[in-house]
Amino acid sequence: MLRPLRIPLFAILFMLVPVVASTAEPMGDSTSESMISRVVFGSCIQQDRPTPIFPMMLQAEPQLLLFLGDNIYADTSDINVMRAKYGVLAENKGFQALRSCCPVMATWDDHDYGLNDGGASYPERDAAQQAFLDFWGVPADSPKRQQAGVYDAKVFGPPGKRIQVIMLDTRYFRSPLKTGPRQVGGPYLPDEDPEKTMLGEAQWRWLEEQLRLPAEVRVIASGIQVVAEAAGQETWANLPHERQRLFDLVKSTDAGGVVIVSGDRHWAEVSVANDDVDYPLIDATSSSLNQKHPRGTPTRNQFRAVEQTYHEENFGVISVDWNVVDPKVTIDIVDIAGKPQIKKSIRLSELQPR
């Protein structure tokens, strides 16, 4: 016999009132003059488990926080259940402290979208989007309440020291994936069908507009890995035409300074594509914030730029040294004790179109 769902009082209140951080800037503003030199990012929060990594993220002194998806594990088509799970995270004191320390931007992946490995066929995607926007404090009159998908972008800093953040939505529009015999990473195979999409045409047009805006560093956030090869897992490489379209768009818009951040995998690694854009296209994957990978074996990845992978709790830090003639961009994957486990550095001059 099934037991009735017991929803805590705070979760019921969350269903009625959006949770808004007291000092963090809301999502959706297009520009900010505040210079950013330190961006902290991560993904995959099991809301019912302890989160000792949150205080360490706070100690990293973030000036901007990026949540890359699986921000809760909803896995439901019952939006009241989803909101209740958001309510559990909202009550987390460490999460409250993080949300209050600096501006926050977020996208979703499959588990906070509502369906494991879900895409455009998920029937509750619109209701899930409203729950997402409520949780992240997007104003009721924001255009994002009318937009299909949760993609978002913002530029921080004055001319010469601008960081643009582009949060992609790789769920709302994504076509069905091709499956086959299970590999280490999962059952998914590359699909050459040119009609299938990752972002949908409206988001593709929007992305082109964003990449044409002036910025020195551009952080593109994707819930799933962009550069890593297809090894059974969900990745952009499962839709190779879309992956190539992204690379071609970066190149055709002459967008310099692009660094990709991604989540989903429950381990951390850094991948680099060297042949598709005029400069090395780095994809830094950070996952999970409070879950250790049970297998600990990475999938194959010919694009892995740093041999080491890391399979325990971690978060990422992008640091930009604006105080030198040729700014240095450093990506660190940091463990639960605050120790960097993976590091990748590059000069901004190396991230420019020819």
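**Exercises on a predicted protein chain**

The mean positions of the 36 positive and 46 negative charges of the protein chain lie 3 Å apart, where Lys and Arg count as positive, Asp and Glu as negative, and His and the chain ends are not counted. The model is predicted, so that local features need pLDDT of at least 70, side-chain atom pairs count only at pLDDT 80 or more, and totals for chains, interfaces and linings use all residues. Residues are numbered from 1 along each chain as its sequence is written, and side-chain values use heavy atoms, with hydrogens and water left out.

**Exercise 1.** Determine how the radius of gyration of the protein chain stands against that of a compact globule.

*Solution.* Taken over C-alpha atoms, the globule rule is 2.2 Å times the number of residues to the power 0.38.

**Exercise 2.** Work out which way the residues of strand S6 point, and whether they are buried or exposed.

*Solution.* Begin with the extent of S6, which covers residues 163-167; strands are DSSP runs of E with at least two residues, numbered from the N terminus. Next, Ile 163, Val 165 and Met 167 point one way, whereas Gln 164 and Ile 166 point the other way. In a regular strand the side chains alternate between the two faces of the sheet. Finally, five of the five residues of S6 are buried, meaning under 20% relative accessible area with a 1.4 Å probe, protein chains only.

**Exercise 3.** Identify the strands that S6 pairs with, given that pairing requires at least two DSSP bridges.

*Solution.* S5 (residues 152-156) runs antiparallel to S6 and is joined to it by five bridges, with Val 155 opposite Gln 164. S9 (residues 217-222) runs parallel to S6, also through five bridges, and Ile 220 in S9 is the bridge partner of Ile 166.

Methods:
The place of a charge is taken as NZ of Lys, CZ of Arg, CG of Asp or CD of Glu. Buried means under 20% relative accessible area, exposed over 50%, partly exposed in between (1.4 Å probe, protein chains only). Helices (H or I, at least four residues) and strands (E, at least two) are DSSP runs, numbered from the N terminus. Two strands pair if DSSP finds at least two bridges between them.
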